[in-house]
Amino acid sequence: MEQNLERNKASAQERGMDTPRFVPLLRLAVEVGEIVSLGATPTGERRVVAITGGSFDSEEGWRGTVLPGGADWQLLRSDGVLEVDARYVLQDERGARVQVISQGLRHGPPEVIAALARGETVTLAWDASASTN
C-alpha cells in the first residue's frame with residue numbers, strides 16, 4: 001500500500017500537482033446551551049446540546065453568524081469516545097444561508113478530555129500554528 005501512495009505522489013508531482021495539505025475553511029465561535037442527558041443506552045449516554053448562536057469568519061473575508069436553533073446530538077460511548085452529529089445554519093453578511101452537518105468522533109488523552117469537561121481551552125497539535133498568529 002505504501003508503494004501505491006509513493007507512486008501516486010510521484011505521479012501527481014510529475015503532472016505539476018501540489019501535495020495535498022490541510023487548509024482551514026473558516027473559524028467558528030459557537031455559543032451552546034447546557035448538556036441535556038437523554039439517558040443511558042446499551043451503547044452509551046445519549047445527549048443533546050443546543051446551538052444558540054455564534055459567529056464565523058474566514059481568511060478570504062467571508063463572515064457572518066451562526067443562527068440559533070441548531071443542535072449537537074451526541075453519544076458518549078463507554079470507551080470514552082464522543083460521537084457528535086451537529087447540525088446548524090450559517091448566515092453570511094449578505095444574508096445567504098448554508099446548512100452545516102458536522103459528524104465525527106472526539107477522543108484523546110484523558111488529561112485533554114478532562115480539561116475539555118472542565119470548560120478549559122485546549123490547543124490541538126494541528127492548531128498550534130494558528131494560536132501563534
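User: In what sense do β4 and β5 pair, and over how many bridges?
Analyst: Please note that this is a predicted model. In it, β4 and β5 pair in the antiparallel sense, over six bridges.

User: Which residue stands opposite L76 in β5?
Analyst: That residue is L82.

User: What about the turn between β5 and β6, which residue has a positive phi?
Analyst: G95 does, at about 100°. β5 and β6 form a hairpin with four residues between them.

User: How is β3 joined to β5?
Analyst: Three bridges join β3, residues 63-66, to β5, and the strands run antiparallel. Within this pairing, G64 stands opposite D92 of β5.

User: Where does β2 come in, and with which strand does β2 pair?
Analyst: β2 pairs with β4 (residues 70-77) in the antiparallel sense, over eight bridges. R46 has L75 of β4 as its bridge partner.

User: Stepping back, how many helices and strands are there?
Analyst: The secondary structure comes to three helices and six strands. From the N terminus on, the order is α-β-β-β-β-β-β-α-α.

User: Changing topic: which residues make up the largest nonpolar core?
Analyst: Seven residues form that core: I51, F56, V66, A86, Y88, L90 and V100. The elements giving two or more residues to this core are β2 (44-57) and β5 (82-92).

User: Which element gives the most to this core?
Analyst: β5 does, with three residues.

User: Let me follow up on L90. What does L90 touch, leaving out residues up to four places away in sequence?
Analyst: L90 touches L26, L28, F56, W62, T65, V66, A96, R97, V98 and V100 on that basis. Among these neighbours, F56, V66 and V100 are also listed in the core.

User: What share of the protein is buried?
Analyst: Buried residues make up 20% of the 133 residues.

User: What fraction of the contacts with a separation of 6 or more comes from residues 24 or more positions apart?
Analyst: Such residues account for 39% of those contacts.

User: Now the charged groups. How many salt bridges does a search of the whole structure find?
Analyst: The search finds six. One of them is between the side chains of R77 and E83, at 3.3 Å from N to O.

User: Why can side chains of this kind pair at all?
Analyst: Side chains of opposite charge can pair when their charged atoms come close.

User: Are R77 and E83 buried, exposed or partly exposed, and what are their relative accessible areas?
Analyst: R77 is partly exposed, with a relative accessible area of 26%. E83 is likewise partly exposed, at 29%.

User: Which salt bridge involves E120?
Analyst: E120 forms a salt bridge with R118, and the closest N and O atoms are 2.7 Å apart. R118 counts as exposed because its relative accessibility is 55%, above the 50% cut-off. E120, at 40%, is partly exposed.

User: Which residues do salt bridges that share partners join into one network?
Analyst: The network consists of R77, D79 and E83.

User: Finally, what is the partner of R87?
Analyst: R87 meets D85 in a salt bridge between their side chains, at 3.0 Å from N to O. The relative accessibility of R87 is 37%, so R87 counts as partly exposed.

Conventions: Residues are numbered from 1 along each chain as its sequence is written. This is a predicted model: local features need pLDDT of at least 70, side-chain atom pairs count only at pLDDT 80 or more; totals for chains, interfaces and linings use all residues. Side-chain values use heavy atoms; hydrogens and water are left out. A nonpolar core is a set of buried Ala, Val, Leu, Ile, Met, Phe, Trp, Tyr and Cys residues joined through side-chain atoms within 4.5 Å. Buried means under 20% relative accessible area, exposed over 50%, partly exposed in between (1.4 Å probe, protein chains only). Contact means heavy atoms within 4.5 Å. Two strands pair if DSSP finds at least two bridges between them. A salt bridge is a side-chain nitrogen of Lys or Arg within 4 Å of a carboxyl oxygen of Asp or Glu.
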